[in-house]
Amino acid sequence: MTTAKRSNTKVVGWCIAGVFGMFAFGFALVPLYNVFCDITGINGKTGGRYEGTTTAEADMSRTVKVQFIAQNGPHMPWTFRPAQTSITVHPGESTHVTFVAQNNTGRGMTAQAVPSLAPSEGVLFFHKTECFCFNQQTLAAGESIDMPLVFIVDRDLPEEIHTLTLSYTLYDQERMGEEPKDAKQVSTTTTKMTNNG
Amino acid sequence: MSAVIDTHDHSHDQDHHHGPAKGFKRWLLTTNHKDIGTMYLIFSFTMFLLGGTMAMVIRAELFQPGLQIVEPAFFNQMTTMHGLIMVFGAVMPAFVGLANWMIPLMIGAPDMALPRMNNWSFWILPAAFALLVSTLFMSGGAPNFGWTFYAPLSTTYGPPSTTFFIFAIHMMGISSIMGAINVIATILNLRAPGMTLMKMPLFVWTWLITAFLLIAVMPVLAGVVTMMLMDINFGTSFFNAAGGGDPVLFQHVFWFFGHPEVYIMILPAFGAVSEIIPAFSRKRLFGYASMVYAVGAIALLSFVVWAHHMFTVGMPVAGEIFFMYCTMLIAVPTGVKVFNWVATMFRGSMTFEAPMLFSIAFVILFTIGGFSGLMLAIAPADFQYHDTYFVVAHFHYVLVPGAIFGIFASAYYWLPKWTGNMYDETLAKTHFWMSFIGMNLAFFPMHFLGLAGMPRRIPDYALQFADFNMVSSIGAFMFGSTQLLFLFIVVKCARGGEKAAAKPWDGAEGLEWTVPSPAPYHTFSTPPEVK
């Protein structure tokens, strides 16, 4: 009898250890997922500042079209657009483009741009040496800013990719995670942005 | 008498040796596995009727195109609550109830290994579901984002009641985990002398494996709702792109829980059917060992197939191929099981009492659901089927004739043991045929609707879907109303009827048939000897 009781404690102990282990594993999936995506690029998130060499010769025999999209997250009243919507580049060459943002409101605001690249197979071959998305942008009321983006399309970009589309979504850092209270207004803003872009 | 029961009896003043205490306290304070099993079964049937009522609202709205009965917002709450209540309130507690009643009887144990935790794990459930159902009356309404509660629908865009939903899920998870620990401890420690693992009835085996699955994935569910809680209330960004999170991560973590969860809902039914088919075929189960290994293989594979629920999120081709082939691999052990059930019936002297009818329907209809599952597993084809009624048809074919018919079969099979009376066979057969026809009428047309492109979770639809939807609704009303007949049959059986022998089914085997019917309040105080 005492044996049965002791082994109950043992079994329950192992089970509870399993439960806590799996609870921790659930949270461990978050960094694991991020590492996996960094390695494979499958979620379209472009990486941080590119530290690789920029001296490689550009591949003049090949051209890649890079398109830019800018859009606002919920609650974001800024004007936000790329200075040019697309550019044709040679793999290996360093290209400088600008995005324009203006804070139309009467108060200072801070925003963060979140990038996404399509197709995701191109993510590992799109290097940014300079990007406004590396930092948050703080603009005073009515202030406007030209934001730089310097990128290199890798010479090893798979042959079948001819176009890369880089999208930035601008989020208000004070109000992220809130549900849009006036969905209609947000969608109008988005449409206007697309037209501008 | 085990040490556990002794401790218990000293801690309360009630004298359990001479049968149950009287009144409400018997049920509130009971640590008896039979009482707790009964409470689980009654609770799950109540939830089945509640979730079923919501399904009736859904089908009534879809009876005709256009909006007739409910607002779209309320319709979304109905689909969400129907799914949550059926999964966590009806199917899972029903199997825990069957486990409580039958596992100690089947392995010759006097009770569950942890009787007081057993009581606790049951009584958490009514509280959890009271909390969940109360969200229907809160401002902003109940959760409306589907039972899969994908972020950001459930985080950024969820109603204010989402936090209550999260706590309800936490409580259900704790209850399930405690139930699973209890099952594992009982099976590993309290088997009668001579009852080796490979002599255990298959229902016990499938529950042992289910319990391990529960311990592995319910904490992950708790983790994912905790992340939601933090995103909603504490400003984290697990699933919020604005803060560097990723909504797709939600789907990965959710389905890492979600896919083993669907096996949690079906494996105990596999076990029950593997008891019932041999009994009414008057033959031993064909391929016992292969059945055990097949269940183990299904359980292991369930951990590496989750992304087949999300082929359309934008995965690399290599990922789609991996998850596609792993998913198809599950058809192999499942095929072994179906083969064994058919081989058990082959050349047996079969009779067709209600448990057997439900079991045969289980084998046939679950196989149909398995085939539509194989169709959905084909990654390139899934882009067409994804989020259509084809998916709805598929999972209702595996869950209704799978899990629910398995529970009905078990209920009829063991009712004589529980109540001491035989149920009304004519009424039970009527219940079977009405359920069988109603269920097929309700869910078969959904295959066609889905292939034609009708999306799931919509309150209104294009005109060309009208006829099939009407047929489907008629079938659903038929299936739903028939369940009241089941309630009547069970109540009638509990109140009286032809006395059942200790072993009312002549082909049945197992220790549970060696105790009298109804099973006495305390059984196997002295462990039986298993040869």
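**Figure 1. Where chain A meets chain B.** In this predicted model, 31 residues of chain A are in contact with 36 residues of chain B. On the side of chain A that touches chain B, at least two residues each come from helix 1 (2–40), strand 5 (109–118) and strand 9 (163–172). Helix 1 of chain A gives the most to this side, with 19 residues. Sorted by class, the side of chain A that touches chain B holds 17 nonpolar, twelve polar and two charged residues.

**Figure 2. Chain A as a whole.** Chain A has two helices and nine strands. Read from the N terminus, the order of its elements is α-β-β-β-β-β-β-β-β-β-α. Of the 197 residues in chain A, 27% are buried. Contacts in chain A between residues at least 6 apart in sequence include 76% that join residues at least 24 apart. The next views show how the strands of chain A are arranged.

**Figure 3. The five-stranded sheet of chain A.** Five strands of chain A form an open sheet in the order 3-1-9-5-7, and the pairing is mixed. Strand 3 and strand 7 (137–139) of chain A are the edge strands, each pairing on one side only. From one strand to the next, the twist averages 25°. Strand 9 of chain A, which belongs to this sheet, is also among the elements that supply residues to the side of chain A that touches chain B. Strand 5 of chain A likewise has a place in the sheet and supplies at least two residues to that side.

**Figure 4. Strand 1 of chain A and its two partners.** Strand 1 (residues 64–72) of chain A runs antiparallel to strand 3 (residues 86–89) of chain A, and four bridges join the two. With strand 9 of chain A, strand 1 of chain A pairs in the parallel sense, over eight bridges. Val66(A) can be followed to both partners. In strand 3 of chain A, the residue opposite Val66(A) is Ile87(A). In strand 9 of chain A, Val66(A) stands opposite Leu164(A). Backbone hydrogen bonds pair the strands of a sheet, either parallel or antiparallel.

**Figure 5. The four-stranded sheet of chain A.** A further open sheet consists of four strands of chain A in the order 2-4-8-6, with antiparallel pairing. Its edge strands are strand 2 (79–82) and strand 6 (126–131) of chain A, and each pairs on one side only. Neighbouring strands of this sheet are turned against each other by 25° on average, direction ignored. Within the sheet, strand 4 (residues 94–102) and strand 8 (residues 144–153) of chain A run antiparallel and are joined by nine bridges. One of the residue pairs is Val100(A) with its bridge partner in strand 8 of chain A, Asp146(A).

**Figure 6. Two packed helices in chain B.** The angle between the axes and the distance between them describe two packed helices. Helix 12 (residues 331–345) of chain B packs against helix 13 (residues 354–377) of chain B at an angle of about 160°, and their axes are 11 Å apart. Because of this angle, helix 12 of chain B is roughly antiparallel to helix 13 of chain B. The crossing of helix 12 of chain B with helix 13 of chain B is left-handed. From helix 12 of chain B, the contact involves Ala331(B), Thr334(B), Val338(B), Trp341(B) and Val342(B); from helix 13 of chain B, Val363(B), Thr367(B), Gly370(B) and Leu374(B). The residues in the contact of helix 12 of chain B with helix 13 of chain B are six nonpolar, three polar and no charged ones.

**Figure 7. Pro260(B), a buried residue.** Pro260(B) lies in helix 8 (residues 247–264) of chain B. Pro260(B) counts as buried because 28 C-beta neighbours lie inside 10 Å. Leaving out residues up to four places away in sequence, Pro260(B) touches Leu213(B), Ala216(B), Val217(B), Ser302(B) and Phe303(B). Ser302(B) is 42 residues from Pro260(B) along the chain, and their C-alpha atoms are separated by 5.2 Å.

**Figure 8. Leu28(B), an exposed residue.** Leu28(B) is part of helix 2 (residues 24–29) of chain B. Leu28(B) counts as exposed because it has 11 C-beta neighbours inside 10 Å. From C-alpha to C-alpha, Leu28(B) and Met470(B) are 45 Å apart in space, and they are 442 residues apart in sequence.

Note on methods: Residues numbered from 1 in each chain as written. Chains lettered and ligands numbered in written order. Predicted model: local features only at pLDDT ≥ 70, side-chain atom pairs only at ≥ 80, totals over all residues. Buried ≥ 20, exposed ≤ 12 C-beta atoms within 10 Å, placed from the backbone. Contact = placed C-beta atoms within 7 Å. Axes fitted to C-alpha atoms, helices over the stretch in contact; angles between N-to-C directions. Parallel < 35°, antiparallel > 145°, perpendicular 65-115°, else oblique. Left-handed = near helix turned anticlockwise from the far one by under 90°. Nonpolar A, V, L, I, M, F, W, Y, C, P; charged D, E, K, R; others polar. Pairing = 2+ DSSP bridges.
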